[in-house]
Amino acid sequence: MEQKKTTRRGFVGLLVLGYSSIALYVGGSLVAFLRFLFPYAIYEPPQKFKIGTPEDYPVGTITLITGRGLWIGSYAEGFAGIIAKCTHLGCKPNWFPLKSGPFGQGIFECPCHGSKYDKYARNFAGPAPAPMRRATLSLSPDGRIEVDKTTVLEPKVKLEDGKELDETKLAEFFLKI
Amino acid sequence: MRKKINIPDPLEILNNIVVSILSFLSKSKLGTSWKKFLDWLVDTEVYRGAYTLRSPLDSVGKRTTVMKDSLFLHFWPVKTHRNDLRISYHLGMGLATTWLFVILTITGVLLMFYYRPSVPQAYYDMVDIREGVYPFGMFLRNMHRWAAHGMVLFSIIHMWRVFNTGSYKPPRQLNWILGVILLVLTLLLSFTGYLLPWDQLSLWAITVGQQMGANAPVLGHLGPFSQVTNLQDAAFGLVGGTEIGPAGLIRFYVLHVFFLPFVTTILIAYHFWRVRKDGYSFPQT
């Protein structure tokens with residue numbers, strides 16, 4: 001029987017092939033394990049939804065949309081979809097219509113670290129660095145307000161003690177009917 | 001003048017204890033049969049295999065062999081530096097931390113018999129354990145809780161000691177790095193365990209942690225140089241959703257009861273092994 005000869009070059013080639021297939025196998029498995037943690041579908045409420053007609057939200061009220069993490073603020077200037085997430089570390093602030101701060105009656109307060117926001121959800125006290133973010137609101141053809149939480153607005157209007165309340169700066173963030 | 005420190009031989013101590021117990025027992029009738037039992041036990045293959053203590057330990061070489069060959073006796077090295085035996089030097093904090101980890105494992109496994117990691121049940125199972133539905137439930141839960149706090153505290157004191165005695169220096173550099181990883185694992189174990197009671201405190205505490213993930217550079221959707229959406233980022237991978245819910249609870253549970261303890265156990269074993277094999281950072285005097 002004739003013995004097959006393996007050259008040094010051929011041996012190194014086999015070695016590289018062997019080790020790279022092991023690396024590919026292990027690496028591929030790791031990628032698959034990591035990918036496994038990011039599902040195709042998640043069982044959470046949809047990010048776009050309708051919340052009823054504008055008449056359901058009288059001017060001057062802040063209404064919590066339960067289970068959606070959203071307030072609908074109804075102001076003389078229009079509607080605002082305030083995402084109920086403190087800009088400090090993400091807790092859910094509470095709305096206190098009877099408490100008043102330096103910028104009028106009705107404030108939001110975060111239970112985690114005590115950030116405070118005025119009724120337009122602009123931060124004026126505590127560690128919160130920015131006003132609460134806004135979901136995009138639009139009026140759908142059937143007359144109801146449609147909320148889109150995937151498109152988020154960030155009003156960069158910071159309140160400081162002693163300054164006048166200037167709602168015109170917020171104008172672009174309101175849905176006017 | 002330098003005081004001479006007489007280093008006790010751990011095996012000798014063990015031997016003395018056994019001998020004193022035996023001599024006490026041998027005076028009674030119970031002792032005689034106990035002695036017979038021990039004679040039989042020492043003669044079994046299992047015992048001889050485990051300890052190799054048969055031959056008289058009349059030379060350093062034989063003692064050394066016995067120490068090296070037994071898993072339980074070689075926790076102590078064949079020879080040791082005198083600082084290793086001074087509790088005022090090493091504070092015993094590494095050992096204390098390890099014991100707390102053992103306590104946490106035992107109490108944690110017991111708690112697992114009653115705790116179900118799903119949203120309708122988790123909080124009420126925890127309350128049942130805490131409020132005395134199960135015998136010793138409150139005790140075990142509190143033991144788990146305090147041991148967890150203690151493990152964080154003791155590992156930090158352990159690091160402080162290692163730093164102050166310069167024990168992180170060569171040849172022990174790698175063990176310092178392993179220690180840092182173990183500290184991170186300890187903190188992660190505390191963090192993942194924090195969600196499991198499923199009350200307001202845990203929910204918002206983990207929300208804060210989730211925000212840290214979301215604000216991570218590159219891998220968080222709110223962080224600097226973000227490359228991902230809120231459905232692909234680190235916070236999502238941790239919590240299994242855009243906010244903490246059933247998916248997040250089971251993820252934290254699996255991390256807490258299996259993944260992190262598994263990695264920690266392996267690293268603790270390696271950490272110990274390196275302590276014995278690396279030699280000492282200070283000059284031998």
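Helices here are DSSP runs of H or I of at least four residues, numbered from the N terminus. I am working on a predicted model, where local features need pLDDT of at least 70, side-chain atom pairs count only at pLDDT 80 or more, and totals for chains, interfaces and linings use all residues. Residues are numbered from 1 along each chain as its sequence is written, and chains are lettered from A in the order in which they are written.

**Entry: H7(B).** I then checked burial (buried: 20 or more other C-beta atoms within 10 Å of the residue's own; exposed: 12 or fewer; C-beta atoms placed from the backbone). In H7 of chain B, residues 122–130, I list B:Ala122, B:Asp125, B:Met126 and B:Ile129 as buried. They lie on the same side of H7(B) because they cover an arc of only 100° around the axis, taken from the directions from the helix axis to the C-beta atoms. On the face turned away from that side I noted exposed B:Tyr124 and B:Val127.

**Entry: neighbours.** I counted contacts as C-beta atoms within 7 Å. The buried residues of H7(B) pack against H6 (93–112), H8 (137–164) and H12 (246–277) of chain B.

**Entry: H6(B) and H8(B).** I read their axes, lines fitted to C-alpha atoms over the stretch in contact, with angles from 0 to 180 degrees between N-to-C directions. The axes come within 8 Å and cross at roughly 155°. The two helices are therefore roughly antiparallel, the term for angles over 145 degrees.

Terms used
Contact = placed C-beta atoms within 7 Å. Parallel < 35°, antiparallel > 145°, perpendicular 65-115°, else oblique.
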